[in-house]
Amino acid sequence: MQLLGVSTAVATIGAACRKPNEKIIPFVRRPEELTPGNALHFATGYALEGYTSGLLVESHEGHPTKVEGNPAHPETLGATTVAEQALILGLYDDDRAKQLRRGGTPIAWPTFLSEVKARSASLAGNGGAGLRFLTGPTASPLLADLRRRILERFPRAKFVSYSPVAADGAIEGTKLAFGRPLMPRHHLGAASVILSLDADFLNDGPEQTRLSREYSARREPSRDMNRLYVVEPAITVTGAMADHRLRLRGGDVSAFAAGLCAMLSGRGLSALGPVGSLGHGAGLWDSKWLVALAADLEKNRGRSLVIAGRRQPAVVHALAAALNSALGNVGATVEYGVPITTDAIAGVEPLRALVEEIAGGAVDTLVVTAENPAYGAPADFKFEQLLKRVPNVIYHSLYEDETAQSCNYLVPAAHPLESWGDGRATDGVVSIVQPLVAPLWGGKTEAEVLSAFVGDGEVGTHALLRKYWSSMSKLPGNLAGSFDGVWERWLADGIVPDTGASSEQGLTINAQALAQAAAPLLARQAGQTGQAGQGALEIAFAPDPKIFDGRFANNAWLQELPHPIIKLTWDNVAMLSQATADRLGIETGDILEVSSRDRKLEAPAMIVPGHADDALTLPLGYGRSHTGHVGLAVGFNAGELRASEAPWFDRGATVTNTGRHHRLAITQDHWTMSPDGRDIPPPAVEAPLAEVLNSGSMFYEELEARRGPLPEVFKPVDYASQQYKWGMAIDLNKCTGCNACVIACQSENNIPVVGKDNVWRGREMQWIRIDRYFSGSIDDPQMINQPLGCVQCETAPCEYVCPVNATVHSDEGLNEMVYNRCIGTRYCSNNCPYKVRRFNFLDYTGDISPARELGMNPDVTVRSRGVMEKCTYCVQRIERKRIATRIEGRTIADGELETACQQGCPTQAITFGSLNDATAKVTKLHSDPRRYDLLHELGTRPRTAYLARVRNPNPDLVKVD
Amino acid sequence: MAAPNLSRDPLEPLPLLEGKHTDKTINDSLLAHVWRGAGKGWWALFACALSALSLLVIAISWTLYKGIGVWGNNIPVGWAFGIINFVWWIGIGHAGTLISAILLLFQQKWRTSINRFAEAMTLFAVICALLFPLLHTGRPWFAAYWLMPYPSVQRIWPQFKSPLTWDVFAVSTYFTISLLFWYLGLVPDLAALRDSSKSKTKRMIYGLFAMGWRGSGRHWAEYKWAYLLLAGLSTPLVLSVHTIVSFDFAVSVLPGWHTTIFPPYFVAGAVFSGFAMVLTWMLPAREFLGLKHVVTLKHLDNMAKVLLVTGMMVTYGYVMEHFVAWYSGNPYEYSEFFRVRQHGPMAPIYWLMMFCNCIVPQLFWSRRARTNILVLWFASILINVGMWCERFTIVITSLHRGFIPSTWKSYSPTWVDVSLFIGTIGLFSTLFLLFLKFVPAVAVTEIKELRHELDHEPTAETAGVTH
Amino acid sequence: MSQVDAHEGSGFVARRFVLAEFATPEALLAGTHKVREAGYKKLDTHTPMPIHGLEAALGLGRPKIPLIVLCGAIAGACIAYSMIYFCNVIDFPINVGGRPLHGPPANIPITFELAILLAGGSSFFGFFTLAKLPQPYHPVFESEDFARCAVDAYFLSVELPPEGEADKVFAEVQTAGALSAELVTESER
């Protein structure tokens, strides 16, 4: 019976899952039309926070199955973020809103259009005085054009952009510094010294993919290696990569920046002028640290960079801009350009205005296309109740979420992979977003909703898009030929040429004005963050590295993804430092009652190394009350404490320990490389640059013992005669631990999710995990990441213990799993020293929705209950490429075959290829002086080699010991 | 009841057979408990056993229905209760074979009174053990036959370098041989039952199993050899079986598993736990089945001595493990034995093991303890516990702290794990109670033989002294 | 009367035994010797337990079981080793953990176990074959007293030749020290 149900469901979905009617153009031109069994790749884009990144989506028989970065796109450069990788699961999410409804009654799209027509007719009467649009930040030219047309028709209507994680500070900061709102664009290629003021630029924000690449490119051990200073409250991916990290409460960063200005102008950086004389809170930080930093920055004028984070107030961004221009970095490592989002400001202030209007009853019709404002808006706005006071609320959303509960129209949104559209990246480059499938459940795009108000509702996004772009007086890239030809070219390439934004030239800091403007802001900041009262507890809100602001809460891949730092899954926690925890008598797992501004919530605590004292970090996005079944009631909603006056950092919170305990599903229970004090060779090796550059150093002595031949009992198998000898190299010096590889692998290899309880038991399934180790003191630790999948041992301990030959070696040295043959003794896993094997303890794949099945990679077996599985170097990709090259009568060239983890990696830390090819990159890396093998002493002869991490400490700051 | 015996002259050895007997009296006294109807006590025990057995059935069904995930196992602790119980039960089985086979080869006369008992125990223990190798796999329905070397459509054979494959052969051989050995020894007694049974149906049934045995001299001539050879084969077999079981661990690379001393010390441990289990069952049985005249204090005394010796062997095994871990200078080994086991989260079990297996047997230096029923009984139970803890320490404590600290995880059993363990005890007890009800618990024929030998030895009393 | 039997029916010749009971094993042993010396070869004894020296008294040759068992053991070892070799080296050679295809040490356990299994099996089944057991009916069961054979009675059975006279045998066993003796005749069924 159930089976029947599934099959029929599949039938319907299958019918729904078809190519869009409009013509979409494959990125790969040949074969021109779809050949069954062969995947096609389509260039498209994904807009997050208004900025569109270029993607390349693999599609099998019309089902998108895998997201990659578009190599041709200047911002993604072929890599991806976890969010982009996880789009596939979001697309096929069975919990998505599927029914267009008025109140509780389902209605058809035409009905909706006619009702909008009627309403807008009446609204047009008074110029749309009561009409308001609440949208997310966007840089879509089409949406901008629609807005223009709407405002033409309804002159008194208003558009408001809101995002709970908007980076307004940057815009307002540049306004302070340069007199007009600008947007910084950073370039790490030329940056030798980088100072991050609470900016997690490697793992957060629209530039993260490109910056990661540029950053890691400068990490090659040499005199030219860059140096990263990070000032932040809670350790982030960027903080973990820092050569020097200063833990500072978020509210104190402004004072630190002011202090740095003072220090630099004190050292004769005259350009700062009066800015240098702004006061600075003494004793907030290790002044030795500040001195060394100032010296370093000064030494590297024009080759340094100061980045301020999205959470920091305008004044910090202003000071950062001042520093950058004073240090002559503008134009070299940072450029400022006109904001490319339609509304540069998309934070609390615009929303406050709207809230007041609604409260005043001025709003009659509110069209919400923003991401779930009822959940994301500051708590004191009580936005959910306000919505109920608006007679007509039209909400366009992917889910029946919190906001949907108090709207009388819900328009199911089309998923980004189902939508036509356009957008711009941070550098302004335009991408045409083309759908991979027609909306599975008839979702509509934002453009369709907006166009309804100018009577274009039935036109459809594709037509609107073409109309808009073809109506341009001069096409960008002034290409020859018909618009159709140009259009197809744009779609195929995924970018529209010559659309990059230009940067402002000849910017100068008005130091006088800035100083005057900044002084009161600093004072206010100081007051608000209670600089005086050191004891005052600061609560800091942070976008979650997994589910961001909560929009990915229903994505099981991301929920089960281990947090890059604390390795937590299926939860969020209130992070705090050991010292603070001791002071408050708190232990990890205790449930705290955190109260601030007469609002309170309960949150489990976790002691996190390197966290600023007297501060509590509360990740946003959890504790959802209305969403799909995955994200429901996972974690706590930090937003309940978020005040519009202090959306990021707030002081004066009080914490009490309820004494109750919460069970956390953490995938790595231990912090260090020798939790019980065992004296073992460190799994993840690191060394300071000085040692790495000195070939005779201790560092190399130790490494020598961890590579090269070992005494053998029997003659090892000779792979030299094989055509390929697959191998991998992972550069710990490049890996930021961003997790992109983990989700990429999960998507490529149909890896199931197991849920919180199973993760707690230790049954997570991700084939590649990122081990995280802290070293040094728990207050001020250093962190190192080590991605670890199956290392494909040549003398694999797992193989000879399998009683049924279910795991054996291929001629090319792959350690292969024969799923059909496996009987699940788990002996192989017991005997695997790396513990990289994963076991289907229960039927994890049995109950996936028929929709989800469409997203499975048809090249990879879906494993059943009781079967062992593990990384196979993406053997399916190897075979596909082997077939393709055989047909062309050639061998696989180095670099044309990438594993999923390698392809997703923004920093190119992972290299894969044939070790029999002397010229291959992987072969070179295997003979790199920094190379070593994990557990080499066991004689497993792993095919995956590691390259030791290199730190580049400031000699002035190296502790003498 | 130990008191009167202690009142006798300590220099005078304890007798193997109490009192004077004729074949008839021996026959009747030893078969009495079979003919006697099941008493209240028996039924009470049987009820307990059955309820535990039903627990086993539930646990197994649930495991097969949901998957191995209903157990507490995880990565890295891929093996847990399943394998612990397997090794524990196999170990217990070994004493049976050892008592009947090795003691027979060494012509230990005192064996005859307890060997039938011990052999039965072997069979039932092995049956309990056999559940787990199959049940602990992810896909038992395949494991059931893919481990057998048969030409399959998959074109692939079992992997003969894997200790698990060795296990399959070892354990199945062990069960088969034990069964044959037990049955062969039973045939004459079945004939005795047939011939002394009152009712026709009983006569029929026992006659069926006796297979027309008529005590023919020509049969006895071959029989003695067949029996002796089976004993001779069982002896190396029993050593090999636990050696191979220990290979499951010793052949791996894991710290705490990768240990060359495992084979001998597993065998010693097996005998140790086996004799303990024999005592645990024998003491009540001899009390309630009226076997005191054949299972005399002499036997208990000897078995206690065996416990002492094997206990010392096991202790030696522990000492060597720790010594090698330290002496090898291997940091992983060292941490496993001196940090994880002694101070890790599972340390209490380690210390309990040390107490039960190393300290408790020291009691048996004293003859008073060796001949005191209560002391013996509680000690035997403690030793069973200790040996279970040993397997726990080897399997779980080693697994949950591997080479790479990032892989460290904890382990906690689920209700299914516990039910399975209790359930096997239920299965064992059920089989044992049935055995006591339908088959002579003591080898009647051999006792008759013993009696004649004793009668014809000048000093019958000293005959039993082990030589 | 035996002639009569011989000429009747289906040529079935009823075997006849003189079943003599002795008091003790020792008496049985002595008696058996006597009767045998008197020239009776088709002798057998029935005792509740094996009795030392009876083999000689009955004039039995060396037991065959040991040889059978030896063959079983050798067969088991050969089968096991050749099977392993065939499977892993000849029929389906595959790289398992970089180990050599033919690893003698790894073959020892299974070779040993199979040797034991077949040896044990041949010992057990070998015995029952030699003893022609199971055998639900035997003429000696005709005797009432024989019911005590497995309990505490010691019998000597002398099979009479077709024309043999039972009385002579009775006299013989009497002098050999039997307590009592009776003639049992195989019944046709």
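Chain C and chain B meet in a contact (heavy atoms within 4.5 Å) that takes 62 residues from chain C and 57 residues from chain B. The model is predicted, and for that reason local features need pLDDT of at least 70 and side-chain atom pairs count only at pLDDT 80 or more, while totals for chains, interfaces and linings use all residues. Residues are numbered from 1 along each chain as its sequence is written, chains are lettered from A and ligands numbered from 1 in the order in which they are written, and side-chain values use heavy atoms, with hydrogens and water left out.

**Interface of chain C and chain B**

- About 5,300 Å² is buried between chain C and chain B, and carbon and sulfur atoms give 70% of that area; buried area is the accessible area (1.4 Å probe) that two parts lose on being put together, summed over both.
- Two salt bridges are found across this interface, where a salt bridge is a side-chain nitrogen of Lys or Arg within 4 Å of a carboxyl oxygen of Asp or Glu; Asp91(C) forms a salt bridge with Arg155(B), with 3.2 Å between the closest N and O atoms.
- Between chain C and chain B, 21 residue pairs are in polar contact, both residues being at pLDDT 80 or more; a polar contact is a pair of N or O atoms within 3.5 Å, and within protein one must be able to donate a hydrogen and the other to accept it, while residues adjacent in sequence count only if both atoms are side-chain atoms.
- On the side of chain C that touches chain B, at least two residues come from each of α2 (25-37), β2 (43-46), α3 (54-58), α4 (65-91) and α5 (104-130) of chain C, and α5(C) gives the most, with 16 residues; helices (H or I, at least four residues) and strands (E, at least two) are DSSP runs, numbered from the N terminus.

**Ser429 in chain B**

- Ser429(B) has its place in helix α16 (residues 415-438) of chain B and counts as buried at 10% relative accessibility, where buried means under 20% relative accessible area, exposed over 50%, and partly exposed in between (1.4 Å probe, protein chains only).
- A polar atom of the Ser429(B) side chain lies 2.5 Å from the backbone oxygen of Ile425(B), and, leaving aside neighbours within four places in sequence, Ser429(B) is in contact with Ala49(B) and Trp281(B).

**A hairpin in chain A**

- Strands β17 (residues 421-424) and β18 (residues 430-433) of chain A run antiparallel and are joined by four bridges, two strands being paired if DSSP finds at least two bridges between them.
- Asp422(A) has Ile432(A) as its bridge partner in β18(A), and the hairpin that β17(A) and β18(A) form has five residues between the strands, with Gly428(A) in the turn at a positive phi of about 90°.

**Salt bridges**

- Over all chains, a search of the whole structure finds 76 salt bridges.
- Asp224(A) forms a salt bridge with Arg218(A), the closest N and O atoms being 3.3 Å apart; Asp224(A) is partly exposed at 47% relative accessible area, whereas Arg218(A) is buried at 11%.
- In the salt bridge of Asp252(A) with Arg249(A) the closest N and O atoms are 3.4 Å apart, and both residues are buried.
- Glu712(A) and Arg941(A) form a salt bridge with closest N and O atoms 2.7 Å apart; Glu712(A) lies in the loop between α22 (698-704) and β28 (726-731) of chain A and Arg941(A) in the loop between β36 (931-932) and β37 (944-947) of chain A, so the pair ties together parts 229 residues apart in sequence.
- A network of salt bridges links Glu220(A), Asp731(A), Lys734(A), Asp928(A) and Arg930(A).
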